[in-house]
Amino acid sequence: MQRNGKSKKALSEEYDLTPSSLVRWIHQDEKSGSFQEKDSRSLEQEELLMLRKKLEQQQMVNDIKK
């Protein structure tokens, strides 16, 4: 709708959004075409999440051994 000329202010008011939320959604749409957070992550962010999961799993294994 914003691409079709509706102002950000009008959209924020119509859908009861904060301006920052609307800007974030527009940025996500332009970047990945998706509003899902996982689709908007960079490769570095994906790698960091994977490493955190591995660390958490390893910590659980170590705790079980104790």
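This is a predicted model: local features need pLDDT of at least 70, side-chain atom pairs count only at pLDDT 80 or more; totals for chains, interfaces and linings use all residues.

1. What pattern does the protein follow, read along the sequence? The pattern is α-α-α. The protein has three helices and zero strands.

2. The mean pLDDT of the protein is 79, with 80% of its residues reaching 70 or more. Confidence is highest in helix H3 (residues 43–65), where the mean is 91. The lowest confidence belongs to helix H2 (residues 19–32), at a mean of 76.

3. As regards the surface, the protein exposes about 6,000 Å². Carbon and sulfur atoms supply 53% of that area. Of the 66 residues in the protein, 14% are buried.

4. The loop between helix H1 (8–14) and H2 contains Asp16. Although Asp16 is not a glycine, its phi is positive, at about 55 degrees. Is Asp16 buried or exposed? Its relative accessibility is 71%, so Asp16 counts as exposed, the cut-off for that class being over 50%.

5. Ile26 is placed in helix H2, the helix in which confidence is lowest. Ile26 counts as buried because its relative accessibility is 15%, and the class requires a value under 20%.

6. A further point concerns Ile26 and Lys8, which are 18 residues apart in sequence. In space, the C-alpha to C-alpha distance between Ile26 and Lys8 is 9.7 Å.

Technical notes:
Residues are numbered from 1 along each chain as its sequence is written. Side-chain values use heavy atoms; hydrogens and water are left out. pLDDT is the predictor's confidence in each residue, from 0 to 100. Helices (H or I, at least four residues) and strands (E, at least two) are DSSP runs, numbered from the N terminus. Buried means under 20% relative accessible area, exposed over 50%, partly exposed in between (1.4 Å probe, protein chains only). Accessible areas come from the Shrake-Rupley method with a 1.4 Å probe; for residues, only the protein chains shown count as cover.
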